[in-house]
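Look over the sequence and the structure before reading on.

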Amino acid sequence: MLTTTNPAPEQYVESSTFASRYVREPLPRFQMPKNSMPKEAAYQVITDELMLDGNPRLNLASFVTTWMEPECDKLMMASVNKNYVDMDEYPVTTELQNRCVNMIANLFNAPIGSGEAAVGVGTVGSSEAIMLAGLAFKRKWQQKMKSQGKPYDKPNIVTGANVQVCWEKFARYFEVELKEVKLKEGYYVMDPVKAVEMVDENTICVAAILGSTLTGEFENVKLLNELLTKKNKETGWDTPIHVDAASGGFIAPFVYPELEWDFRLPLVKSINVSGHKYGLVYAGIGWVVWRSKEDLPDDLVFHINYLGSDQPTFTLNFSKGSSQIIAQYYQLIRLGFEGYKSIMGNCIGNARILKEGIEKTGRFEVVSKDVGVPLVAFALKDSSKYTVFQISDALRKFGWIVPAYTMPADAEHIAVLRVVVREDFSCSLAERLISHIQEVLKELDSLPSRIVKDSHVVAVAKEVVDENKDAEAAKMGDRKIQEKVTKQWRHYVQTKKTGVC
């Protein structure tokens, strides 16, 4: 005869996390707890805290992919325990990375023969990719200067002031002077003419951006190549170009195939792209490819032997997951050229719908361009009563995360909102966002102004107008007021000058 013991009623209650002591005590913040807790309780309390995060799908600040197919999710979970650096143990994963490099290099028109392996590597994002490309340029330049018996201790790199912060990190970490081409109102990308003027014998490369973080605009890499080729011929230098295609590298080949920005231009020696942006993979994967083996100094490369073959490796990281590499390969073969073209076309179309809806309000000036990354950046025509920062705050109540930020030097007085249109941002969501923006505008119109023009601001404006009575001076007076208002608001809110890498 079998006997059973029924649990006491309190044991049933204790099996519920919300009936346990674990929800009556604050979670540890500084020290590891002395005692363990049930796995169910740990899962529940962490899940509850994470509810306060924003919804990734409604995070319109980020270029980073927030949705993938369930089949790819399964592949990623199945490989989450693989350390990519163990090439001997996971040779197939290494092979998948090499296939991705080959496909991306061919997509960027690298001059490699049929069946020939490309030169490149997977990284944890475009930041690492840029560091690697920059190191290659610096080492090549140093070797050249040494061979000519010239000083090699003051390298510099020329970029626009609109570059992502990772370029500033590279310059600071690896002791390279960053020479920035300043922006101006109405022109928010690097001017190729001014960039080439800044090039000197110590310039390791000029970095062009295919898809500015600020406005999505593509910089004119073809014109840069032409101007730099002429200067190299005149001076005897051989200053190269790197293209930061973090955002636009998976846009241009499919939407603007005739645009010449890649290895079709002789001076373009390396290109980086973010697989976790429009490469359509979750965060944690970037790529950098070089034109040829000669453009990557061999003394920067470590050689690992696996299965009797040489596997060159050039990274700043060591251990890292394999999931994103496998996911990238999935997307490349699952979607193919046709699939990527359709998705990018949809993104461009939905960005156009959003732009038209924002323009119809009559309240904004769109500063982003039609040709570029699918995003919409727009500024208030009149910021005398409220600012884009207040609009950004008000949209949060609907769940939208829409960043507001000011432009870099010399356009700091321009403040904009920016919406990034990703694969999972549909036409319906675009229409819903437009309606919510209209609601916010109506609400802010009904409220008293929260912008206080202090006596100093008013005095500055009055002084300018009094001294100069003509229309141009009055216009400058308005601009000074706008600059003061923007500065004052930035004092109270946290602004974002550059986007996510």
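Helices and strands here are DSSP runs, numbered from the N terminus: a helix is H or I over at least four residues, and a strand is E over at least two. The model is a predicted one.

## Overall make-up

By that count, the protein chain has 14 helices and 13 strands. The chain holds 501 residues, and 50% of them are buried.

Taking contacts with a separation of 6 or more, 72% join residues 24 or more positions apart. The accessible surface of the chain is about 25,400 Å². Carbon and sulfur atoms supply 53% of that surface.

Four cavities of 30 Å³ or more are present in the structure.

Residues from several stretches of the sequence line it. Phe63, Thr65, Thr66 and Trp67 are among them. Lys277, Tyr278 and Leu280 also belong to the lining, as do Arg422, Glu423 and Asp424.

This lining divides into four nonpolar, two polar and four charged residues. Domain 1 (77-333) and domain 2 (336-446) each contribute at least three residues to the lining of the second largest cavity.

Most residues other than glycine have a negative phi.

Leucine 280 is one of them, with a phi of about 70°. This leucine sits in the loop between β6 and β7 (286-290). Is leucine 280 buried or exposed? Leucine 280 is buried, because its relative accessible area is 3% and the cut-off for burial is under 20%.

With a relative accessible area of 33%, asparagine 109 is partly exposed.

## A buried histidine

Histidine 436 is part of helix α12, which spans residues 427-446. Its relative accessibility is 11%, so histidine 436 counts as buried.

Which residues touch histidine 436, leaving aside neighbours within four places in sequence? The contacts are Leu395, Phe398 and Trp400.

## Loop positions with more exposure

Glycine 115 lies in the loop between α4 (91-107) and β1 (119-123). Why does glycine 115 count as exposed? Its relative accessibility is 83%, and exposed means over 50%. Asparagine 102 is 13 residues away in sequence from glycine 115, and their C-alpha atoms are 9.0 Å apart.

Proline 257 falls in the loop between α9 (252-255) and β6 (268-274). Proline 257 is partly exposed, because its relative accessible area is 42%. Beyond its neighbours within four places in sequence, proline 257 contacts Ala252 and Arg264.

Notes. Residues numbered from 1 in each chain as written. Predicted model: local features only at pLDDT ≥ 70, side-chain atom pairs only at ≥ 80, totals over all residues. Heavy atoms only, no water. 1 Å grid on protein atoms, 1.4 Å probe; cavity = no way out; pocket = protein on both sides within 12 Å on 5 of 7 lines; lining within 4 Å. Points joined across faces, edges and corners; volume = space filled by probe spheres on them. Nonpolar A, V, L, I, M, F, W, Y, C, P; charged D, E, K, R; others polar. Domains from an automatic or database assignment. Buried < 20%, exposed > 50% of the residue type's maximum accessible area, 1.4 Å probe, protein only. Contact = heavy atoms within 4.5 Å. Areas by Shrake-Rupley, 256 points an atom, 1.4 Å probe, with all protein chains shown as cover.
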